[in-house]
Amino acid sequence: MNERYCTKAGEFYARCKRALVFIVVLGGCCQQPLLPATAQERPNSTAQWVSQQPGDASHFLVMGDWGRNGSEQQQAVARQMRSTAAAIDAEFIISVGDNFYPNGVQSVQDPQWKYSFEEVYTGYALNRDWFIALGNHDYQGNIQAQIDYSAISRRWVMPAPYYARSIRLEDGGEMLLVVMDTNPFIPAYYSKGGDFAARLRRQDTAAQRKWLEEVLGDTSVRYQWKIVVGHHPLYSGGKRKENADTHSFAQQFRSFFDAHKVDAYLCGHEHDLQIIRPAGAYTTQFLSGAAGETRPTGTTDGTLFAASEPGFMTFSVSAQELAVKVIKADGTMLYTTALKK
């Protein structure tokens with residue numbers, strides 16, 4: 001099933017005054033060049049940013065770890081998402097999971113829908129498709145309710161725990177967007193017991209893995225870009241840097257993503273903003289988990305950027321380039337980089 005998205009251009013910038021930012025030059029030999037921009041290359045105003053943005057790209061936002069009943073940080077990030085989405089004419093929004101804290105939703109009538117989603121992400125610019133992934137906190141509640149809400153909301157898109165879309169880019173290229181359910185692949189979760197573990201046991205990881213093989217290995221369409229969305233990170237320089245869950249997920253999927261030429265893996269779980277690609281890896285990880293809360297972060301092997309700041313990321317994709325900007329809640333552009341084909 002093809003989804004056609006046509007967007008106009010836009011860009012965003014303000015100077016970073018107090019962000020905790022780590023930038024490391026990527027070493028080793030990688031299949032794709034990743035091009036960080038220097039401070040001198042960044043435009044010094046929103047108007048300039050918009051005027052310089054190429055008009056042949058498709059734009060979208062990536063955010064995660066957000067549903068906190070309209071907390072101060074959640075509201076601040078939402079306001080900036082609305083402004084940025086309008087400036088770049090974003091075609092859709094991606095959530096990398098943990099959509100409702102602390103225990104998901106119980107039904108399609110749960111008050112969280114109103115107080116954490118509908119009354120927070122308002123305005124025409126955010127009235128777009130939201131492609132949703134499930135996080136571990138969502139599994140604390142009724143995940144079927146999040147699937148069923150797709151039939152109630154015109155913008156909430158979650159037809160199943162995992163799904164895919166083929167997206168026609170503004171310049172005629174094709175992008176494959178794959179949303180996976182990472183939660184059943186975390187072994188430690190099964191020892192937690194109760195309803196949480198019971199919901200995980202109902203998921204068939206072998207079936208999902210086979211589905212991923214088929215979707216990512218499909219050669220019937222010539223995709224310029226393959227993007228996978230999930231909740232748990234392959235790598236982190238933050239709280240879960242040495243966590244067994246992180247290492248386990250990387251062991252299961254790092255080589256798998258590389259083998260299937262996945263260009264970008266979008267995730268959250270850590271409450272910060274990170275961009276990581278270890279030496280020799282094909283897939284670049286973009287971690288955007290700071291839409292509701294932040295925690296201290298740091299660096300790891302392959303860290304290109306890390307910031308403990310509330311915010312989100314923008315993606316501008318054409319057949320030849322995938323450009324990413326990290327936007328702080330106050331409008332500061334913290335970092336920008338691009339993958340080239």
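A salt bridge is a side-chain nitrogen of Lys or Arg within 4 Å of a carboxyl oxygen of Asp or Glu. The model is predicted, so local features need pLDDT of at least 70 and side-chain atom pairs count only at pLDDT 80 or more, while totals for chains, interfaces and linings use all residues. Residues are numbered from 1 along each chain as its sequence is written, and side-chain values use heavy atoms, with hydrogens and water left out.

**View 1. Salt bridge between Arg295 and Glu270.** The closest N and O atoms of this pair are 3.6 Å apart. Arg295 lies in the loop between strands S12 (284–288) and S13 (303–307), and Glu270 in the loop between strands S10 (264–267) and S11 (273–276), so the bridge ties together parts 25 residues apart in sequence. Strands (E, at least two residues) and helices (H or I, at least four) are DSSP runs, numbered from the N terminus. Both residues are buried; buried means under 20% relative accessible area, exposed over 50%, and partly exposed in between (1.4 Å probe, protein chains only).

**View 2. Salt bridge between Arg155 and Glu118.** The N to O distance is 3.0 Å. Arg155 is buried, with a relative accessible area of 8%, whereas Glu118 is partly exposed at 29%.

**View 3. Salt bridge between Glu321 and Lys340.** Here N and O are 2.4 Å apart. Glu321 belongs to strand S15 (residues 321–328) and Lys340 to strand S16 (residues 333–340), so the pair ties together parts 19 residues apart in sequence.

**View 4. Helix H2 and the residue after it.** Among the buried residues of H2 are Val77, Met81 and Ile88. Asp89 follows the helix and has a positive phi, near 55 degrees.
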